[in-house]
Amino acid sequence: MAKFNLKVNGTNKEVDVDPATPVLWVLRDHLHLTGTKYGCGVASCGACTIHLNGKAVRSCQLPVSAAGNLEITTIEGLSEKGDHPVQKAWLELDVAQCGYCQTGQIMSASALLKSNPHPSDADIDNFMSGNICRCGTYLRIREAIQTAARNTAK
Amino acid sequence: MGNDKNIYSRRSFLKVSSLTGGGMMIGFSWMASLKPTEVLAGNTAAAEWIELTGFVKIMPDNMVKIMSPNPEFGQNVITSMPMIIAEELDADWKKVVVEQADFNIPKYKSQFSGGSQSIRQGWQLLRKAGASAKAMLLQAAAAEWNVPVAELTASQGVVYHKAGNRSLTYGALATAASKLPIPEKVELKKTTDFSLLGTAQKNVEGQKIVTGKPLFTLDYHQEGMLIAMTIRPTAFGMQLKSYDATEALKMPGIKNVFDIKVYKEGYERAGFDTRTFNHLVVVVGNTTWEVMNARKKLAIQWEPMPEKKEMVAGWGGKKEELIPAGLESSADHMKNMRGMQKKPAPVLRKDGNPEAAFAKAKKVLERTYSAPFLPHNTMEPISCFAHVTEEKAFFVAPTQVPDFIRPTLVANLGISASKLEIQLARMGGGFGRRAYCHYMVEAGLISQKIKAPVKLVYTREDDMTNGVYRPSYMVTYKAAIDEKNNVTAIHIKGGGIPDNAIHANRFPAGAFDNYLAEGWTIPSNITIGAFRAPGSNFIAGAEQSFLDELAETIGKDPIDYRIELLQKAKANPVGKNNDYDADRYIGVLELVKEKSDWGKPNTKNARRGVAAYFCHNSYAAHVVDLTMKNGQPVVEKVVSAMDCGLVVNPEGATNMVEGAVVDGIGNALFGGLVFEKGEPKQKNFNQYRMIRHREAPKKIEVHFVKNNIDPTGLGEPPFPPIFGAMANALYKATGKRFYDQPFINALNTKG
């Protein structure tokens, strides 16, 4: 066990955990931020996606000891009122079915738009293919990302 | 609803959200904004929901809370079922708040989410629930104004007395209405008078989902809660022999290691009590990561499981189930299935004289199809929260069938049914997997043993390798063709491990004078369970591929040939109990033909396949257009035609069909577990291929047949035929027919 000072959603959080603990479990079990989901634990499904200094990272494979001073953003911190253009587009297009994968999809999508504000459908497919949706909402996700891209440009 | 120390509470974590199109979820904080004058005179305490019926509560300010009875796993009944109530209630959907009901059969009558039955079985019940509450409000208004109820109308949460030029909101009437008896008989609206049903409404939980609120069992947290994991053999056909917990117990955060027997000695299983391994090792600790690490330190000895016979009381009555010993492999499965095809099999249906027709045939078309075991792979792995004490057995659980697991819990935990409380958590996927709730028994037993609240967590590996799969199947279709190119007989023979998928009374039974259906099974120690349209999810693809090949053989258009057969089945049905409505089946074929521009010049070069199927009370047809790129299929477009009667919520309905299309394409192309010496070779998503963004169709168009038939389901019906449409489209695109799933195997094999 060791103490770590993490920057999570703009706040300092101190945790006392095994240095090998993935940030996913620090978030879920220690900080009770359960918006970031567990789907596979081997960075193959994307449900655990967070932003590390604005870039999409699979938190199930990020040991807390490697987080250091980097800014961790989770779905809870993506926007204050749940009104990030990606979140709004998700609601406008009524994307979700079971909803379990969607926070990971939203975190991946918002990171994509930060680095590529006008992605083509192929760009979206390539970037988002690390996020599995078992319910099959991929088409709505694609359209929602395009909608968010248009709305962000305004 | 849980104890005061709960961090998780359906209301406490929610913030006020802006209305995103009606049906929002709200929390405690909004009550502070209630103006005193909105509270009814005489009720100066903080405003509370006034309960009219088990389903409907009203606030003085005219907000309406509707309880959604059925467990939710993405089929969005949490929106569509309250919509049905709201319609008959004549509530203003923009002022409706939905709350997931707890398990309570006396109150809600039916809380079964499966078989695509929620809307179908809830239709009358929910309409009556809405109509009763409205009747009480009308009666209260009539009493208030001293006028006959017949002079009153209600709309959008307000009761009007036209003659007296006055109105009262439901909120103002609620207290008086709540004192009236709930009427036994109520009048329901004419479906042509619906104003809400049939309009596209957004998921009432959308805001919570996109902001990551704790909705799922895996998110549940309670003070003092421990984490538990169950450890099972690495291969089917094995069982626990012994274990040494010494090293595991030394690991940080670990509280306890012990073993449990899921079902007690002599317990007779019911149909949904399926569990793969009865004797499990349990590790309990403070946090998930600590338990994950500690379980790796267990020294466990497994031994071969002897052959067993267990009584199972399924829907067909009591049956003895043989669970063979041995370590099974996929290679043996295929070999054994081919072997069964060569042996006589039980006859399921026979019309006319198929043997004679085949003997006389000029040509016989014979094709064999197969498919592997499929894991459900719900995105949220299996989990369950339980806190079992002398006073209460409290669960927060993902279950599609709380009423089925109740007697199992009572029997195996030794609790009384009256002490059982189940909060129906939103599920990260169901697909039938969460109808088998052995994990609730496991969590309950663990909680009893450690005398503490516990959240049982399955890792993805636990989830993927624990069985309750979609069975493996094989089927051979044979058609006898005479010298005039008429199909004179059909013979379907097939089976599965351990269930077969032959629906002998479904189409094309009834369309052929000579018809024989035979089915066999092979017992297995690999457990199976319902997987999105059981049986249908294999046989539809095989049947629709065969019909396609048969149509080509006799020189007919695939859609025209199906319609021709259905018209024959309608005009001159052969045999009895033909399980389909030919008109509705033709209806979806004609709709998909029209909407896909089938046979038109602009689709002349399309690489397309068609398939249609009827199951779980609804009709579905798809046309798949694809192209090949580097030897891999790219699905350009799918046009889907559905007949599910009245469409309750077109938004949710369209989403379901799209999802089923994507799911079907993924399973047809990639899905399948491979077994070697009893062990599934794939244990996680880095080994098991799921369909991803880049493989999803570019476009899906969904069309619904318009009729006034009472609504039927959509969870399963669109899924089975997509396998056939894919196989048929791949044929046009590659010149090759695909008989064995997953199709990617043949696609990646040269020649």
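Author: Axes here are lines fitted to C-alpha atoms, for helices over the stretch in contact, with angles running from 0 to 180 degrees between N-to-C directions. It's a predicted model, so local features need pLDDT of at least 70 and side-chain atom pairs 80 or more, while totals for chains, interfaces and linings use all residues. Residues count from 1 along each chain as its sequence is written, with chains lettered from A and ligands numbered from 1 in the order written.

Let's zoom in on helix 13 (residues 536-553) and helix 14 (residues 558-571) of chain B, whose axes sit 9 Å apart at an angle of about 100° (helices are DSSP runs of H or I, at least four residues, and strands are E runs of at least two, numbered from the N terminus). Helix 13 and helix 14 of chain B are therefore roughly perpendicular (65 to 115 degrees; under 35 is roughly parallel, over 145 roughly antiparallel, the rest oblique). From helix 13 of chain B come B:Leu547, B:Asp548 and B:Ala551, and they meet B:Pro558, B:Tyr561 and B:Arg562 of helix 14 of chain B (contact puts C-beta atoms, placed from the backbone, within 7 Å). That contact between helix 13 and helix 14 of chain B has four nonpolar, no polar and two charged residues (Ala, Val, Leu, Ile, Met, Phe, Trp, Tyr, Cys and Pro are nonpolar; Asp, Glu, Lys and Arg charged; the others, Gly among them, polar).

Elsewhere in chain B, helix 11 (residues 438-450) has ten of its 13 residues buried (20 or more other C-beta atoms within 10 Å of a residue's own, placed from the backbone; 12 or fewer is exposed, in between partly exposed). Among those buried are B:His438, B:Glu442 and B:Leu445. Just past helix 11 of chain B, B:Lys451 has a positive phi of about 50°.

Now for the partner chain. In all, 51 residues of chain B contact 44 of chain A. On the chain B side, helix 5 (206-210), helix 7 (288-295) and helix 16 (650-669) each supply at least two residues, and helix 16 of chain B gives the most, seven. By class, that side of chain B has 19 nonpolar, 22 polar and ten charged residues.

Chain A itself is divided into domain 1 (2-77) and domain 2 (85-153), with bounds from an automatic or database assignment. The C-alpha centres of domain 1 and domain 2 of chain A are 21 Å apart. Their contact takes 14 residues from domain 1 of chain A and twelve from domain 2 of chain A.

Notes: Two residues are in contact if their C-beta atoms, placed from the backbone, lie within 7 Å. The expected span of a helix is 1.5 Å times one less than its number of residues.
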